[in-house]
Each structure stands twice: as structure tokens, then as C-alpha cells.
Amino acid sequence: MQRIVIIGGGAVGSAIAYFLTQTPDTFEVTVVERDPSYQQASSALSASSIRQQYSSAINIQMSQFGIDFLRAVGPTLRVEDPAPDIGLIEPGYLYLATTAGSSVLHDNHALQKAYGVDVVLLEPAALQARFPWLCTDGLALGSLGLSGEGWFDGYCLMQALRKKAIAQGARYLKAEATGLRRTGRSISAVQLGEAASLPCDRVVNAAGPWAARVAAWAEIDLPVRARRRSVFSFSCPESLAHCPLVIDTSGIWFRPEGQQFICGFAPAAHEDLDDLPLEVQHEAFDSFIWPTLAARVPAFEALRMKGAWAGYYEMNLFDHNAILGLHPDCANLYFANGFSGHGLQQCPAAGRGIAELMRFGDFRSMDLSPLSFQRILQNRPLLEKNVI
Ligand SMILES: Cc1cc2nc3c(=O)[nH]c(=O)nc-3n(C[C@H](O)[C@H](O)[C@H](O)COP(=O)(O)OP(=O)(O)OC[C@H]3O[C@@H](n4cnc5c(N)ncnc54)[C@H](O)[C@@H]3O)c2cc1C
């Protein structure tokens with residue numbers, strides 16, 4: 001049996017463990033997770049939404065598999081009764097654009113339609129008719145997903161993947177990986193502190209926002225950094241009928257969460273530093289998020305702040321997309337990193353892909369090679385225009 005060690009037991013590491021253990025007696029899978037309570041893991045601090053509206057084909061394809069997987073999570077990941085219920089709902093994403101931004105929406109729309117995405121472009125009058133609570137001032141166009149887009153309980157998904165992987169034979173070890181023992185072009189063991197180590201035939205880096213540290217142990221430069229993102233939750237006295245996840249022209253996004261709403265934003269580049277402490281940027285909410293939200297949805301003038309949290313995007317600084325597979329300098333270290341804020345929806349496709357790469361030596365169900373390390377080494381970014 002091939003001994004596989006996965007460093008990181010979040011949604012991505014657990015999805016890989018799940019797919020690897022689907023075939024018994026091939027792989028002996030150990031997931032090394034330092035914090036089984038997942039206090040700082042992105043998978044536990046996510047907005048847990050899924051969309052099909054991407055500007056690159058590979059991301060659309062990954063999300064198409066993602067939504068199929070999420071729709072079938074109950075029977076797929078059931079270990080015992082009750083089957084996991086991730087509460088998936090599909091009210092869509094609504095991208096808003098000014099005149100300047102509408103050509104990007106048109107370009108994306110053409111690609112999305114070519115890949116069968118259920119999406120429609122709406123002029124301001126149509127937006128107003130469909131969403132009477134929306135102020136369309138300054139808008140030229142909106143792009144609305146009609147199915148396959150929405151949100152779910154990401155923590156529940158991660159736990160369901162973990163439980164199913166364990167039921168299929170994976171072992172989760174509460175330990176911190178501290179280094180890799182490298183012999184020539186291969187990793188022979190994962191170090192667990194001074195005294196202990198785990199011998200292995202292959203290693204997976206699924207360390208989320210901390211993945212660059214793991215790569216550095218193998219002398220590989222991984223352009224992934226932990227970038228803090230704050231999420232705010234609030235209530236509103238008015239309900240907004242059929243509210244999708246709305247991405248305003250300012251970049252601020254909001255969506256319903258049960259009876260309330262959540263929202264977030266991307267900080268300005270000069271403030272978006274690596275490894276900032278996970279403290280909520282409350283000042284950002286008061287100074288510009290709330291005024292911007294209230295201008296777009298007048299009912300939000302009366303919103304009430306209910307809570308907030310901060311988590312890390314595992315940002316791929318090279319091109320904001322996942323990095324999947326081997327690095328040419330190391331024969332048995334697999335990467336599943338850099339999802340840049342879309343890793344929960346992509347974890348089923350990434351997990352299946354890495355498992356196939358290990359089993360067959362190439363991707364079978366979906367060609368994920370556009371996301372390989374090669375593009376970084378050859379300086380060919382796969383730019384995704386729709387990063388939220
Ligand atoms: C605010 C926010 C909103 C988001 N919204 C969305 C969204 O709407 N849709 C979407 O698809 N994605 C979203 N994301 C991104 C998504 O949550 C992540 O892409 C995904 O969770 C990454 O999963 P992961 O398993 O790679 O990382 P994590 O969940 O961070 O897991 C990595 C694990 O590795 C462990 N680890 C790290 N180093 C070591 C080590 N040396 N030894 C042992 N264990 C180690 C950590 O403890 C951690 O548990 C969002 C993220 C944030 C923060």
C-alpha cells in the first residue's frame with residue numbers, strides 16, 4: 001500500500017482523503033491536522049458560497065462538478081443516519097456593472113454560455129423589476145445566475161468529508177508537521193517536531209493559508225499568502241425578496257444568511273498585507289461598507305450589526321487560482337493550494353483530481369493541468385477576472 005501523508009485536514013485535505021480512500025487497499029492515508037477544532041482554518045471561517053460565473057473555463061468546470069457534488073452530499077457522504085445536510089440553496093449570484101464594467105460582463109457571459117452556465121444579462125429596468133429593493137443608479141448591466149449558484153454550510157461539508165474519509169479508512173492525526181525529509185528529488189518522511197516523523201511514499205500540501213511554509217521545507221517557492229478577510233453579519237427590518245449573492249460595482253458583496261445577511265469586501269492593495277492577525281476590520285464597515293450598501297439597497301440604511309469574523313484567503317499572488325499537482329523539482333510532493341477565496345466550491349474537483357493524479361499519473365475526469373505549477377514556472381498566468 002502506498003503511504004500518503006496529507007498535511008492539513010481542512011476541506012481540501014479532507015476532500016483528497018475522501019477520494020483517495022474510495023478505492024480500498026490502494027492507499028494508506030494519514031491526514032496530519034494540528035487543530036481538529038479548526039479555529040483558524042479557512043474552511044471554518046468561509047462564506048461558503050458557490051458560483052458558476054467565472055471568466056476562465058477551468059473554474060467554470062470545477063464549479064459545475066462542485067454543484068453536482070454538493071447537491072448529492074447527503075447520500076454521497078452519509079456514514080450513518082442522519083445523512084449530512086449542508087443546507088445548500090441556489091438563489092444565484094448577481095454581478096453588477098457600470099458602463100465601464102459591462103464589457104467584462106459581456107465577455108464573461110459569452111464564455112459562460114459556451115460552457116452551459118445558466119446565466120442571464122439584465123439591463124437596469126429588468127434588474128429593477130426583478131429586485132425592487134435594489135437601487136440601479138449608476139448601473140449599466142447585471143449578470144444573474146439562474147441555477148447552480150448559492151450557498152451552504154461549509155463547516156458541515158468539511159466535517160462530512162472528514163467523517164466519510166475516516167469511515168473509508170483514512171487516519172487523522174492531531175499533530176503539527178514541522179518539516180519534510182528530502183532525499184534527492186523525493187520526500188521520504190514528514191517531520192512532526194524534534195523526535196517524531198511519518199515515513200511516506202507521497203505527501204500532499206493541503207495546508208491552506210500556511211501552504212508556503214510547507215513548500216519552503218522542500219525548497220519550493222509557492223506564491224500563496226494568508227490574506228485576511230472580514231465578514232460582517234447584520235439584520236434588516238425589511239426582507240429582500242429573492243435576494244441572490246450580490247457583488248456591487250464597489251466590490252462589496254452581500255447575501256442573505258438565514259433571516260439575516262452577511263457581507264464582505266476586499267481591502268485596498270496597500271492594506272492587504274500577509275499574515276495580519278485575525279482581527280475584524282470594524283472601521284471599514286462604518287466608514288464605507290455600510291454607506292455603500294445603503295446606497296445600493298436603501299433598506300440597509302436601517303440595518304443592525306449582529307456580529308463579525310475574520311479568516312484568511314489563501315491567496316495565490318501569481319494569478320488568483322488554485323495550484324494543483326506536482327512541482328517538477330520534487331517527484332512525490334503534491335500541491336492543492338492557492339484557491340484564493342474559492343476553495344470550498346472547488347474542493348470536490350480538486351480532491352478528485354489529486355486522487356486521480358496519484359492513482360493514474362494524470363487527470364482523468366477533468367483536465368486540471370491548466371492549474372499546474374508549470375504555468376508559474378513558465379510565467380503564464382491563468383488570470384481569473386472574477387475574484388471576490
Ligand atoms: C472570509 C472567507 C470567505 C470565503 N468565502 C468563500 C466562498 O464563498 N466560497 C468558496 O468556495 N470559498 C470561500 N472561501 C475560501 C475557502 O474557505 C478556502 O478556499 C478553503 O476553505 C480552503 O480550504 P483548505 O483546506 O485549503 O484550507 P483550511 O481550511 O485553512 O485548512 C488547512 C488546514 O491545514 C492545517 N495546517 C496548516 N499547516 C499545518 C501544519 N504544518 N501541520 C498540521 N496542520 C497544518 C490548518 O490547521 C488547517 O486546518 C472563503 C474564505 C474566507 C476566509
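Three strands build an open, antiparallel sheet in the order S9-S10-S11. The strands S9 (179-183) and S11 (196-199) sit at the edges, each pairing on one side only. This is a predicted model, in which local features need pLDDT of at least 70 and side-chain atom pairs count only at pLDDT 80 or more, while totals for chains, interfaces and linings use all residues. Residues are numbered from 1 along each chain as its sequence is written, and side-chain values use heavy atoms, leaving out hydrogens and water.

**The sheet**
- Strands here are DSSP runs of E with at least two residues, helices are runs of H or I with at least four, and both are numbered from the N terminus.
- Two strands pair if DSSP finds at least two bridges between them.
- Five bridges join S9 to the antiparallel strand S10 (residues 186-192), and Gly179 has Gln191 in S10 as its bridge partner.

**The two domains**
- The domain assignment, automatic or from a database, gives domain 1 (2-80 + 153-223 + 319-377) and domain 2 (93-148 + 226-313).
- Their C-alpha centres lie 29 Å apart.
- The contact (heavy atoms within 4.5 Å) takes 24 residues from domain 1 and 25 residues from domain 2.

**Where they meet**
- The area buried between domain 1 and domain 2 is about 1900 Å²; buried area is the accessible area (1.4 Å probe) that two parts lose on being put together, summed over both.
- In domain 1, Leu45, Ala47 and Gln53 lose the most area to domain 2, together 30% of what that side buries.
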